[in-house]
Amino acid sequence: MDEIPEKTKPKRRILVVIDTDPRSNPRVAEAVRTAGGVSVWQQVEISVVLRGPAAAAVGEGAGQLSEGRMFKQFLPMVRENGGSVHLMPDPETMEGIDATELVENNIKEPALAELAAQADYVMRF
């Protein structure tokens, strides 16, 4: 059986779904840090979905959260390395998110289901 050369092998896809509230749980910051760190390797394609209260990680008060610096550092890192960061905020969280960020990165349930179906691995926090 012939091996596929590394340069033409499709990258494995990892979907990281975060639906925990970053205002009360530090695991959100750790999930974002992990996704950002893995994205630097550029060996996998990373998609992060901040769902429900987790979308507060990109809201106007994110910098004041105990782990706020991680969100500012690692979410852009995912995007800079070819990954994507999507938002599925709940109504309460939506109020604190920049309109441009929301319009450009909002995702609905059918698109999330498609991302999950295409992913080789799904991690949930």
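Biologist: Which side chain meets arginine 23 in a salt bridge?

Modeller: In this predicted model, the side chain of arginine 23 meets that of aspartate 21 in a salt bridge, with 2.8 Å from N to O.

Biologist: And are those two buried or exposed, or something in between?

Modeller: Aspartate 21 counts as buried, because its relative accessibility is 19% and the cut-off for buried is under 20%, whereas arginine 23, at 43%, counts as partly exposed.

Biologist: What network are Asp21 and Arg23 linked in?

Modeller: They belong to a network of salt bridges that also takes in Glu92, so that Asp21, Arg23 and Glu92 are linked.

Biologist: OK, stepping back, how many salt bridges does a search of the whole structure find?

Modeller: The search finds nine salt bridges, and one of them joins the side chains of aspartate 120 and arginine 12, at 4.0 Å from N to O.

Biologist: Why does that pair tie together parts that are apart in sequence?

Modeller: Arginine 12 sits in strand β1, which covers residues 12-18, while aspartate 120 lies in the loop between α5 (109-118) and β4 (121-124), so the pair ties together parts that are 108 residues apart in sequence. Both residues are partly exposed, with aspartate 120 at 39% relative accessibility and arginine 12 at 46%.

Biologist: New topic: what does glutamate 67 meet in a salt bridge?

Modeller: Its side chain meets that of arginine 69, at 3.6 Å from N to O. Glutamate 67 counts as partly exposed at 23% relative accessibility, but arginine 69 counts as exposed, because its value is 56% and exposed means over 50%.

How values were computed:
Residues are numbered from 1 along each chain as its sequence is written. This is a predicted model: local features need pLDDT of at least 70, side-chain atom pairs count only at pLDDT 80 or more; totals for chains, interfaces and linings use all residues. Side-chain values use heavy atoms; hydrogens and water are left out. Helices (H or I, at least four residues) and strands (E, at least two) are DSSP runs, numbered from the N terminus. Buried means under 20% relative accessible area, exposed over 50%, partly exposed in between (1.4 Å probe, protein chains only).
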